Amino acid sequence: MTNAFLYALAGSGLFVLGLHALVMHAHVLRKILAINVMGSGVFLILVALARRSGETTTDPVPHAMVITGIVVAVSATALALALMLKLAEKSGQAVLPDKHGD
Amino acid sequence: MSSLLAIDWGVIAILLPLAGGTACVLWPALSKPAGLISVTGVVLAIAGLGWRIMENGIYRHAVGGWGAPLGIDLFADGLSLIMLIMTALVGLGISFYARRYFSPRDAVRFWPIWLFLLAALNALFLSADIFNLYVTLEMTGLAAVALTALTGRIDALGGAMRYLLATLLGSLAYLLGVALLYHDAGSVDIATLAQRIQPNAAVWTALGLMSAGLALKTALFPLSFWLPPAHASAPAPVSALLSALVVKASFYILLRLWLELFGDFAQGASMLLGLLGAAAILWGSLQALRQTRIKLLVAYSTVAQIGYLFLIYPLASAGNGIAAGMAAYLAFSHALAKSAMFLAAGNLMLFGGHDRIADLDRAVQRLPLTVAAFALAGVSIMGLPPSSGFVGKWLLLDAAMSQGRWDLAVVMIIGGLLAAGYIFKVLGYAFTQAEVPHDARAVPAGMEWAALLLAIGAILLGFMASEIFALIAVDLVVNADEAGTVWTA
């Protein structure tokens, strides 16, 4: 078992853990955190897979992808938090309303 | 003439709305003219790009001169071009509607986000690598969520929140698939991947993750739970943009992946996509039939019509060109008809001050253009001749019967009948007097005409099927002629 494999395994674990939390928790902040945990899992897998077995140098392209992914994740989280605050302000609680809002 | 031909129209189609959107943020007072100028400019740029592709074949532009594998390439073939034309034309119609629809307070929020969305969509349809597709997909999703929340009403905020969580989950699954494919084949360029890809465990996992993520973003049943609340609670022009264009973006990526990478070995998975599509047609149509509010009805109709797009996967064995053509044609047809339908629904809501179908009071006498737009769009959604909906569904039906897939053919026919049911439900109430008569509020003529012109477009597209299929084939022909030489700038 190589180090890279261990990292990739941990990344998959984070992804599944986040998915579980996203589905199970009602509070929107927990859902947003769950998405972030899932994102970290994907980034960890990307970083881990950058080193191929049998090669001595690390491939920089997945690292560049992670940087881009982090920028995307930050903007998405900012939008999600802003939406959550508006929702909490209007409805008094940060949970998703019933399907059609009526 | 040749200097015009050498312009990189694809770059302009991305940069122009980005610049326009930034201008809207900096000078809010100018947002309406800046928006209309940018959208019109994009239509011209896409026309230029189309001309260039007709002359020179596939368009490929190395941004900044770097070129693949290090840089990012812009790429357009016939399929991308049709998606770009769809975005430009439907976007133009919706923009002219939005010009009159929004109050000055809402307009300064709508225009910049819509222009960013347009830039993201154009960039997505011009992308040639799966990672760039991820970035543009996220840009599209974030702009679409922001547009959904535009009114700030509680139902819109809830719908937008649900939409955002669904769309982020979809993109993360897609990104994980990108990581696996890159690890397996050492490239993100779709053309390179197509040469190197071999069915193994990593590729199968990537296929599952990417397909599930994109199906969630395209709202394929049963992953369509987020669509009706988001599309129904947004303002009418935004609903039209979401239903007509945004769901097509993720559908396009899935189609591309399937045509170029997965289609050859994933027969079983394409059967599953087809079955889900069939379920979407039945479930979405039945739900639409049950709705009492017009925008929810139209939103569930979108769920059903997306189902038709997924029937292409099990029928695609007839050859890539035909499958791509059918998909592009059906997507284009649905974009025109559904945007017209949502805009007409917006007019009816403005006219009556509510969106209860049963209380539509004599709309046909007092709002004839809008009801005509709804009816014409409905003709295409039902699939009656001579509309584009008829041609598209006929091609699908023909493919299903020639391959002995009677089950899919029966679902398509039932879906058409159910569509007739929900469309005549709206039209029936529009013709009669409601129990509680109400006064009509004025609807600007520009908004009525925008809806009607898009609906007429959906009918006219029915006469242009051969042109669409010729566009799909254009790069194939040019490639054969020039023995694979690709035009580079």
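Leaving aside residues up to four places away in sequence, B:Ser380 touches B:Ser333, B:Ala337, B:Ser387, B:Ser388, B:Gly389, B:Phe390, B:Lys393 and B:Ala458, where contact means heavy atoms within 4.5 Å. This is a predicted model, in which local features need pLDDT of at least 70 and side-chain atom pairs count only at pLDDT 80 or more, while totals for chains, interfaces and linings use all residues. Residues are numbered from 1 along each chain as its sequence is written, chains are lettered from A and ligands numbered from 1 in the order in which they are written, and side-chain values use heavy atoms, with hydrogens and water left out.

B:Ser380 belongs to helix H17 (residues 368-382) of chain B; helices (H or I, at least four residues) and strands (E, at least two) are DSSP runs, numbered from the N terminus. B:Ser380 counts as buried because its relative accessibility is 2%, the classes being buried under 20% relative accessible area, exposed over 50% and partly exposed in between (1.4 Å probe, protein chains only). Its C-alpha atom is separated by 35 Å from that of B:Phe131, 249 residues apart along the chain.

The peptide bond from B:Pro385 to B:Pro386 is cis, with omega near 5°. Another cis bond runs from B:Phe221 to B:Pro222, with omega near 0°, and B:Pro222 lies in the loop between helix H9 (201-218) and H10 of chain B. The loop between H9 and H10 also contains B:Ala219, which has a positive phi of about 65° although it is not a glycine. With 0% relative accessibility, B:Ala219 counts as buried. B:Arg362, also not a glycine, has a positive phi of about 45° and sits in the loop between helix H15 (320-352) and helix H16 (363-366) of chain B. B:Arg362 is classed as partly exposed because its relative accessible area is 27%.

Chain A has three helices and zero strands, giving the pattern α-α-α along the sequence. Its radius of gyration is 17 Å, whereas a compact globule of 102 residues would have one near 13 Å; the radius is taken over C-alpha atoms, and the globule rule is 2.2 Å times the number of residues to the power 0.38. The C-alpha trace of chain A spans about 60 × 25 × 20 Å along its principal axes. Of its 102 residues, 34% count as buried.

The two chains meet through 35 residues from chain B and 39 residues from chain A. Together they bury about 3300 Å², 82% of it on carbon and sulfur atoms; buried area is the accessible area (1.4 Å probe) that two parts lose on being put together, summed over both. B:Met161, B:Leu165 and B:Tyr182 supply 18% of the area that chain B buries against chain A, more than any other three residues. On the chain B side, the elements giving two or more residues are helix H6 (130-148), helix H7 (154-185), helix H10 (227-233) and helix H13 (294-310). H7(B) provides the largest share, 19 residues. The chain B residues that touch chain A divide into 27 nonpolar, four polar and four charged; Ala, Val, Leu, Ile, Met, Phe, Trp, Tyr, Cys and Pro count as nonpolar, Asp, Glu, Lys and Arg as charged, and the others, Gly among them, as polar.
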